[in-house]
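Visitor: I would like to learn how to read a protein model. Please take me through it one feature at a time.

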Amino acid sequence: MSEQPKFKVTIDNITIEVPAGTTILNAARMVGGEVTPPAMCYYSKLEGSGGKCRTCLVEVSKGSEKDPRPMPKLVASCRTTVMDGMEVKNITSEKVLDARKGVVEMLLINHPLDCPVCDQAGECHLQDLSYEHGTSGTRYEFDRRTFEKEDIGDYISLHMTRCILCYRCVFTAEQLTQRREHGILERGDHAEISTLLGKSLDNEFIGNVIDVCPVGALTDKTFRFKNRVWFTKPVDAHCSCTKCSGKVRLWMRGDEVFRVTARKDKWGEVEEFICNDCRFHRKSVSDWTIEGPSKIDRHSVISQGHYVGTKKQPVYIDKVIGKDPKLLMDIHKVSDVNRQEIELSKIDGPAHSDDFKKDR
Amino acid sequence: MKVLLEHAHVEGIRYYDTYRKNGGYRAVEKAFKMTPDEIVEEVKKSGLRGRGGAGFPTGMKWSFLAKPEGVPRHLVCNADESEPGTFKDRYLMEFLPHLLIEGLIVSSFALGSNATYIYIRGEYAWIVDILEQAIAEAKNNGWLGKNILNTGFDCEIYVQRGGGAYICGEETALIESLEGKRGNPRIKPPFPAIQGVWMRPTVVNNVETLAAVVPILNMGGEEYAKIGVGKSTGTKLLSVCGNVNKPGVYEIDMTQSVEEFIFSDEYCGGIPKGKRLKASIPGGSSVPIVPANLLLKTAKGETRYMNYESLADGGFATGTMMGSGGFIVMDEDQCVVRHTMTLARFYNHESCGQCSPCREGTGWMYKILKNIEYGKGKMSDIDLLWDIQRKIEGNTICPLGDAAAWPVAAAIRHFRDEFEWHVLNPDESQRRNFGLAHYADPIHVPTTA
């Protein structure tokens with residue numbers, strides 16, 4: 001077996017070896033942590049996705065070992081493959097952070113920000129993105145863009161105002177299902193996801209568009225307004241389904257299954273696509289063999305306070321910028337209440353200042 | 001100096017017989033005696049630069065074409081001339097259709113394309129008929145079809161109408177549209193020279209570029225390179241519109257100064273009614289607008305000439321671009337704010353909606369400019385506009401983002417006081433225009449770039 005050539009690539013001062021043909025984004029994902037650019041439209045399981053949202057822009061400060069010239073423009077890391085000896089700047093480049101801030105602002109100017117009533121809130125990539133890279137205010141003073149509401153079937157609800165036109169659902173329908181019934185109509189800022197002549201989406205695997213949607217544009221009608229995702233408990237389960245692998249994630253509260261989704265990895269991408277039957281119709285515990293609680297790491301608000309020992313992303317910030325991040329104030333040195341070794345959940349009853357003093 | 005339009009005024013030049021009598025199709029006869037590589041070499045020698053706007057050397061583009069064994073290659077003629085202010089290709093196709101067909105046959109032979117496409121904008125409906133008639137005539141006389149002139153080379157030319165989208169003038173969007181898909185630009189690389197139409201190697205060239213291949217073959221590459229100056233070789237068609245006495249299509253050999261071009265009777269014939277020149281966009285709506293003083297003379301005080309290098313002198317700070325040759329002239333009565341708003345509306349309307357900065361940013365810029373124009377603007381809006389255009393430029397898949405950002409950036413850079421006047425005098429700005437200020441004579445040269 002011939003060895004695949006390995007390329008050395010340096011991302012934010014961290015050097016790794018990756019197989020030839022890897023994109024910068026995937027190389028950065030191999031490193032993990034803060035140096036990974038965010039991606040709103042790229043989806044590793046969908047062919048042809050990426051390049052549209054422009055949040056993953058990075059600066060290539062050295063093209064390759066052979067041709068060390070830097071690339072003139074910022075490049076979309078999800079669609080640019082690495083070269084041997086390439087040097088990439090992500091969070092160490094002011095230019096990148098500035099451009100990314102601009103992109104986040106552009107994505108948000110017409111986004112309704114109706115997170116309090118949006119079913120996606122808590123697992124929304126746009127929320128994560130604007131939390132990390134956005135600004136607290138807006139400079140946009142005009143009416144937000146609106147669309148006529150469209151009904152696209154009994155199981156999926158479409159909120160076009162929330163859509164960021166990542167084209168992921170279009171690729172999913174094209175590559176996963178027998179026939180695609182929806183696509184992009186119009187152009188520019190009036191472009192919209194729609195089915196021609198108001199057809200409904202019914203297809204064996206069409207429910208997966210809900211999982212790939214990074215925002216709340218496509219949500220599950222059977223879960224609509226039933227619960228907030230952070231109140232429900234994610235549990236891995238499987239069943240013997242004839243159409244798909246049957247490996248799913250149940251979102252439960254008590255004994256009640258509120259929602260069924262596919263399992264997602266740490267980049268928020270579906271591991272295995274599931275069929276509509278599993279997603280919409282098997283909503284009782286007796287349908288499933290429960291494996292155990294899911295490990296949640298990316299969407300922190302879901303794991304908040306639920307589980308001990310959640311997976312943590314590696315921290316590279318000291319390597320990248322060459323020093324420990326400077327804290328304005330180390331809260332643990334100043335306050336008694338925030339001592340790390342004391343777990344609040346183990347204290348019987350409401351915490352009292354005595355609880356913190358008695359260890360001293 | 002007329003090279004392309006030499007016979008444009010001969011009666012009946014649109015038809016094959018007259019065209020042939022005036023020396024037509026000589027280039028094809030000559031080309032078939034050469035090898036394809038020799039033709040590419042000849043075009044390289046001529047120094048011909050793409051006439052569609054970017055000015056990329058054509059010979060170089062041709063030599064990048066991948067030539068894998070057993071895979072058909074294609075030549076696509078970009079006749080989707082949608083840039084506001086540009087109408088040179090329309091003139092060429094309407095009056096000299098056989099010149100384009102001849103250029104296409106020669107280029108197809110040089111590139112090995114057996115199926116060549118003309119992608120023409122939908123609005124040019126009557127030109128489609130003209131081209132199709134010309135193709136039929138050429139075919140009847142044995143210049144197209146199977147085994148042309150017993151050389152064993154087959155070539156067919158197909159005319160494809162576009163649906164009327166500006167974005168389909170971008171080469172990868174054009175290819176998508178030609179394939180029958182939604183006209184969204186593709187992400188490069190791979191470039192069309194490797195994977196173009198139906199994933200086959202493709203060359204996309206402008207109408208004028210392909211027409212210019214005919215004189216190059218006729219007079220030889222080196223001879224053609226002697227026309228013009230420096231790296232701006234050959235002749236260029238310019239379509240002039242706006243406040244000039246004689247708008248229309250002109251062919252220049254790029255040695256004229258801008259002043260001569262605007263004011264001499266041979267070309268534009270000056271500004272009507274004795275008005276004074278305020279500003280100009282020398283290369284179609286996407287290139288930066290320049291005020292009169294910087295149009296006639298560069299920042300260093302040298303005379304500016306009508307060619308690629310001289311117009312671009314000073315970069316974007318004080319220069320502009322040759323672009324596609326849509327020369328728009330504005331006199332003292334024109335309002336730059338209104339003009340910029342109109343362009344912003346155009347780019348907002350024509351953005352394909354793929355990448356977020358362009359999709360959202362163009363609409364935002366248009367709304368702000370509308371506020372300023374109608375007296376509802378704030379001083380901070382001008383800085384906001386600057387920031388938005390900066391965040392669009394260079395961050396998009398295709399050059400439409402840049403094209404939308406540059407006019408706004410240049411208008412603010414050179415005409416900031418006019419924007420400020422609009423903000424400070426909301427009522428007065430509805431009644432009258434700002435006028436000239438210091439843009440025209442006496443020549444004022446800004447000290448800072």
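Visitor: How many bridges join strand S3 of chain A to strand S5 of chain A, and in which sense do the two strands run?

Guide: Strands of a sheet pair through backbone hydrogen bonds, either parallel or antiparallel. Two strands count as paired if DSSP finds at least two bridges between them. Here strand S3 (residues 57-62) and strand S5 (residues 86-89) of chain A are antiparallel and joined by three bridges. A:Val60 stands opposite A:Val88 in S5(A).

Visitor: What are the conventions behind the model and its numbering?

Guide: This is a predicted model, in which local features need pLDDT of at least 70 and side-chain atom pairs count only at pLDDT 80 or more, while totals for chains, interfaces and linings use all residues. Residues are numbered from 1 along each chain as its sequence is written, chains are lettered from A and ligands numbered from 1 in the order in which they are written, and side-chain values use heavy atoms, with hydrogens and water left out.

Visitor: In what order do the five strands of the open sheet in chain A stand?

Guide: The order is S2-S1-S5-S3-S4, with mixed pairing. Strand S2 (14-19) and strand S4 (75-76) of chain A each have a single partner strand, so one side of each lacks a neighbour in the sheet. S1(A) pairs with S2(A) in the antiparallel sense over six bridges, and A:Thr10 stands opposite A:Thr15 in S2(A). The hairpin of S1(A) and S2(A) has two residues between the strands, and A:Asp12 there takes a positive phi near 50°. S1(A) and S5(A), by contrast, pair in the parallel sense over three bridges. The bridge partner of A:Ile11 in S5(A) is A:Val88.

Visitor: Where does chain B have an open sheet of five strands, and in what order?

Guide: In chain B the order is S8-S7-S11-S9-S10, and the pairing is mixed. Strand S8 (248-252) and strand S10 (290-291) of chain B are the edge strands, each pairing on one side only. Four bridges pair strand S9 (residues 277-281) of chain B with strand S11 (residues 326-331) of chain B in the antiparallel sense. B:Ile281 stands opposite B:Ile328 in S11(B). Helix H5 (residues 88-95) of chain B packs on this sheet and touches strand S7 (236-242) and S8 of chain B, its direction making about 115° with that of S7(B). Contact means heavy atoms within 4.5 Å. Axes are lines fitted to C-alpha atoms, for helices over the stretch in contact, and angles run from 0 to 180 degrees between N-to-C directions.

Visitor: Is B:Asp402 buried or exposed?

Guide: Buried means under 20% relative accessible area, exposed over 50%, and partly exposed in between (1.4 Å probe, protein chains only). B:Asp402 is buried at 7%, whereas A:Lys73 is partly exposed at 38%.

Visitor: Which salt bridge does A:Lys243 form?

Guide: Its partner is A:Glu204, with the closest N and O atoms 3.2 Å apart. A:Lys243 is in the loop between strand S10 (233-238) and strand S11 (247-253) of chain A, and A:Glu204 is in the loop between S8 and H5 of chain A, 39 residues apart. A:Lys243 is partly exposed at 38% relative accessibility, and A:Glu204 is partly exposed at 37%.

Visitor: Which residues are linked in a network of salt bridges?

Guide: The network links A:Asp98, A:Glu105, A:Arg139, B:Asp387, B:Arg390 and B:Lys391.

How values were computed:
Salt bridge = Lys/Arg side-chain N within 4 Å of Asp/Glu carboxyl O.
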